[in-house]
Amino acid sequence: MMKSMNAVQTKSVMIQNLCVTCFNHCRYCLLSWDGKEVGTKWKRGVDLAERYIREIREARPQVNVSFSFGYSMEHPELKEAIQTLRRLGSPMSDFLQCDGMAMRDEQQCRELMRTLKETGIRHLNFTVYGPEEYHDRFAGRHGDFGLLLRMMRAAEEAGIPFSTGIPVTQENIKETDELIDTLKKAGSKKITLFIPHEEGRGKTMNPIRLQKKDLSFLSTESLQLLNRNLYRTESDWLKNPDTPKTNRLIILSLRADNIENYEKRDALSVLEEIEALDEEYYSSFPDFTELARLYGDEEGERLYRFRDLYHHYRSLYAIDHKLDIYDVTDERQSGSRRY
């Protein structure tokens, strides 16, 4: 074991079932979608989630526990799925991420939004990667940009507020001002610029990671949509590193390859097992200061969240030291996220 950190507390548990198809194949995908669902059957997953939620709430009432599904929201029985989410106390029963959904024409988008309105959805979010041609190529599906705009228009007609996120890179930064104007005209109530992480397929984005000099391509107004307290240069983080994270989200992923095992066990034993994996993972690496000494660039101008820079250094260390360790940051499987 490399180190012991300040005591980390589990604040929340998310039970997830990645059982629903995504219709995109994005270059930037946290879950590294490859066309195959890793989750278990829907009803089987819901039945186990209900029991686990009850057991965790009884044993650890201070821990927030919820249920979610993916890879996309394109559930074949979406209305029933949302009602299930609401019954299980999931934030997804109010907020939906509308990426990677099936192709729809204008009328079908209106029908979708009416359904969402009827089921009590209060907010939607869309991720847009750039102008139409670039977005479609990035998302791996022709026509996806047009679909997003149709859903936005339908959402506005239905009275469902929505926001949009734009991952900015060296490839799309010059077109971002124009894209922001397009999204404002489409009715987006909030637009956020963010810098892609390296998790999942995000690691392929590192060669085009935004640098400080690239911000000059944004207008003053657009620049305000990027949180510069959150996204700083590597050199800035090395001078003023963030404090160690002591809160933890446990992700309990119901998969075809673990569901039988999980069904035989109580929720607390599974939760404690994942917490132990979290502790083993983080104790296998030096702390940020030592990793920065090994891999940091004191003149580095690439922009990161602190969490992402820490992850970047850990990835380099794991390669250099040939670490064979369970990766709790791989969100396709049971693991954790510290915050």
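**View A. Helix H4 and the elements that cover its buried residues.** Among the elements that cover the buried residues of H4 are E4 and helix H5 (144–158), where helices (H or I, at least four residues) and strands (E, at least two) are DSSP runs numbered from the N terminus. This is a predicted model, in which local features need pLDDT of at least 70 and side-chain atom pairs count only at pLDDT 80 or more, while totals for chains, interfaces and linings use all residues. Residues are numbered from 1 along each chain as its sequence is written, and side-chain values use heavy atoms, with hydrogens and water left out. The buried residues of helix H4 (residues 132–139) are Tyr 134, His 135, Asp 136, Phe 138 and Ala 139; buried means under 20% relative accessible area, exposed over 50%, and partly exposed in between (1.4 Å probe, protein chains only).

**View B. The largest pocket and its lining.** The volume of the largest pocket is about 1,500 Å³. Of the 46 residues that line this pocket, Leu 30, Leu 31, Gln 97, Asp 99 and Thr 127 are the closest to its centre. Two or more lining residues come from each of strand E1 (9–20), strand E2 (64–71), strand E3 (95–97), strand E4 (123–127), strand E5 (162–167) and strand E6 (190–194). By class, the lining holds 23 nonpolar, 16 polar and seven charged residues, with Ala, Val, Leu, Ile, Met, Phe, Trp, Tyr, Cys and Pro counted as nonpolar, Asp, Glu, Lys and Arg as charged, and the others, Gly among them, as polar. On a 1 Å grid over the protein atoms alone, a pocket is an open set of points with protein on both sides within 12 Å along at least five of seven lines, a cavity is a set where a 1.4 Å probe fits but cannot get out, and lining residues have an atom within 4 Å of a point. Grid points are joined across faces, edges and corners, and a volume is the space filled by probe spheres set on the points.

**View C. The cavities.** Two cavities of 30 Å³ or more are counted. The largest cavity holds about 40 Å³ of space and is lined by Asn 24, Cys 26, Asp 99, Gly 100, Thr 127, Tyr 129, His 135, Asp 144 and Leu 148, a lining with three nonpolar, four polar and two charged residues. The second largest cavity, with a volume of about 30 Å³, is lined by Tyr 129, Tyr 134, Phe 138, Pro 167, Thr 169, Asn 172, Pro 196 and Met 205, of which six are nonpolar, two polar and none charged.

**View D. Ser 12 in strand E1.** Ser 12 is found in strand E1 and counts as buried because its relative accessibility is 14%. Not counting residues up to four places away in sequence, Ser 12 touches Val 63, Asn 64, Arg 248, Leu 249, Ile 250 and Tyr 339, contact meaning heavy atoms within 4.5 Å.

**View E. Leu 323 in a loop.** Leu 323 lies in the loop between helix H12 (306–320) and strand E10 (335–338), and with 31% relative accessibility this residue counts as partly exposed. Apart from neighbours within four places in sequence, Leu 323 is in contact with Ser 284, Phe 285, Tyr 317 and Ala 318.
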